[in-house]
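Here are some notes to go with your first look at this one. Have the viewer open and take the points in order.

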Amino acid sequence: MKSKLLGSLLFWVVVAIILGFLCSLFFPDWLARIFITFNGLFSNFLGFFVPVLIFALIAPAIAGLGRGAGKWLGITAGVAFSSTVISGLIAWGTGTALYPKLLAGRDLITNVADPDEGGLTPYFTVEMPPPLAIMSSLLLAFVVGLAMTAVKSDNLHNVLQELNDVVLKVVVTFVIPLLPLYIFGTFLGLGMNENFADTMAAMGVVLLLSVVMTVAIVLMQYLVAGAVAGVNPFKALKNMLPAYFTALGTSSSAASIPVTYESTLKNNVDEDVAGFVVPLCATIQLSGSMMKIMLYTLSIVYMASLDVSGSEIFGFILLLGIMMIAAPGVPGGAIMAAAGLLQSNLGFDDSMLSLMIASYIVVDSFGTAANVTGDGAVALIVNKFASGKIHKQSPIDEPSASPATGSTAV
């Protein structure tokens, strides 16, 4: 139990948040500037690395989707992607309606590097220009991935899959282990500019809202699936509870696949349909993750008074739905995939991004549980139209059909 706790990213994130606040009460400026310097270097590295991450994940993901089971793969992917985007739109509407009341009078001041405002400056900075802009990387990944589905280039697919593995290795062995230190520096800065209490009170409200809304989106999915498939939505949802709680305990869609599959069969979904839909949707049906990211994003946009238009929010939702298809299979993988868009499309600064990562990871398992349970709703819809027409060819059993190695834990 102790070993499992010490190996939990959530545990270290919570420790980093608490220590960041406590240390802000007595740290001298010279010591705090060391961590501010690290945060500057780490955020510059993320700016350099994220475009590489986007290309390495999405290009083989798009190519892999094109190698699946024909039109039913397209239909399943379309239903799953629509579910993810609709979740984002519901979160947008919820935030727009509730935040003026829930977050009234709350301001988010994250600039801790402005000496004129009593902030802290890093000792030095190192510029790390990215090899590609975020949108250039995304477009290149789409062009290459789509072209590979037409050309059927096995050699290039293998090269990109190896690049995918290398990039994920960097994420797992370098980026993720340093996140608690990065979050510590952020909350240290928030505490030293006397903004910690207001920020945490506001984010606590958003955290509770995100948990409630991840449950609400699952209920909505089953009401729709029940209407389409002609089944009792509440009975179907009850049959999926083992999958929900498995994902809640593991924070992994991949680890939950066997339980999700068995739970889906209890809803009288054809074995071939379940064997095809469940593994595929584990990587592309991310409604719970979308709900959390959007609610946190909109709260920061509101509190920081960012000048973001409705069209920019809508475009962000669509792009985020695409990018999370290839979210890396680590705790907080979806928010790492979203990091580039938050900065390039919505103007988030480094401290805002760090706050997003910390807030997201705290309730990561609730989003994953919503993702997994929603897979059963998609299976019900696909089963209505495809039962007996899909020959079992599970993406998890065929590497070339998997969007990204290990990309199911979000």
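1. A definition to start with: a charge sits over a ring if NZ of Lys or CZ of Arg is within 6 Å of the ring centre and within 35 degrees of the ring normal. By that rule, Arg33 lies over the face of Tyr123, 4.2 Å from the ring centre. Lys292 does something of the kind with Tyr360: its charged end is over that ring, 3.8 Å from the centre.

2. Now the overall picture. Keep in mind that this is a predicted model. The protein is built with 16 helices and zero strands. It has 410 residues, and 54% of them are buried. If you take the contacts between residues at least 6 apart in sequence, 86% of them join residues at least 24 apart.

3. Which residues have the most contacts inside the largest nonpolar core? They are Ile293 and Ile357, in a core of 124 residues. Helix α3 (residues 29–65) gives the largest share of this core, with 17 residues. As for Ile357, look beyond its neighbours within four places in sequence and you'll find it in contact with Leu179, Tyr182, Ile183, Ile335 and Met336.

4. Ile293 turns up again where two helices pack, being one of the α12 residues that meet α13. Helix α12 (residues 287–303) and helix α13 (residues 310–323) pack at about 150 degrees, and their axes are 11 Å apart. The crossing is right-handed. On the α12 side the residues are Met290, Ile293, Met294, Thr297 and Leu298, and they meet Ile313, Phe316, Ile317, Leu320 and Gly321 of α13.

5. Is Ser305 buried or exposed? The cut-off for exposed is over 50% relative accessible area, so Ser305, at 59%, counts as exposed.

6. Asn268 is in the loop between α10 and α11 (271–284), and has a positive phi of about 65 degrees although it is not a glycine. With a relative accessible area of 68%, Asn268 is exposed.

7. On to the rings: a search of the whole structure gives 11 aromatic pairs. One of them is Phe45 with Phe48, a tilted pair with 6.2 Å from centre to centre and 45 degrees between the planes. Both residues belong to helix α3 and are three residues apart, about one turn of the helix. Phe45 is buried, at 17% relative accessible area, whereas Phe48 is partly exposed, at 32%. Elsewhere in the list, ring pairs link Phe26, Phe27, Phe35 and Phe184 into a cluster.

8. Finally, have a look at Val259, which is part of helix α10 (residues 253–265). Val259 counts as partly exposed because its relative accessibility is 27%. Setting aside its neighbours within four places in sequence, Val259 is in contact with Pro242, Ala243 and Thr246. How far is the C-alpha atom of Val259 from that of Val372? The two are separated by 9.8 Å, though they are 113 residues apart along the chain.

Conventions:
Residues are numbered from 1 along each chain as its sequence is written. This is a predicted model: local features need pLDDT of at least 70, side-chain atom pairs count only at pLDDT 80 or more; totals for chains, interfaces and linings use all residues. Side-chain values use heavy atoms; hydrogens and water are left out. Helices (H or I, at least four residues) and strands (E, at least two) are DSSP runs, numbered from the N terminus. Buried means under 20% relative accessible area, exposed over 50%, partly exposed in between (1.4 Å probe, protein chains only). Contact means heavy atoms within 4.5 Å. A nonpolar core is a set of buried Ala, Val, Leu, Ile, Met, Phe, Trp, Tyr and Cys residues joined through side-chain atoms within 4.5 Å. Rings of Phe, Tyr and Trp (its six-membered ring) pair if their centres lie within 6.5 Å; planes under 30 degrees apart count as stacked, over 60 as edge-to-face and the rest as tilted. Axes are lines fitted to C-alpha atoms, for helices over the stretch in contact, and angles run from 0 to 180 degrees between N-to-C directions. A crossing is left-handed if the near helix is turned anticlockwise from the far one by less than a right angle, and right-handed if clockwise.
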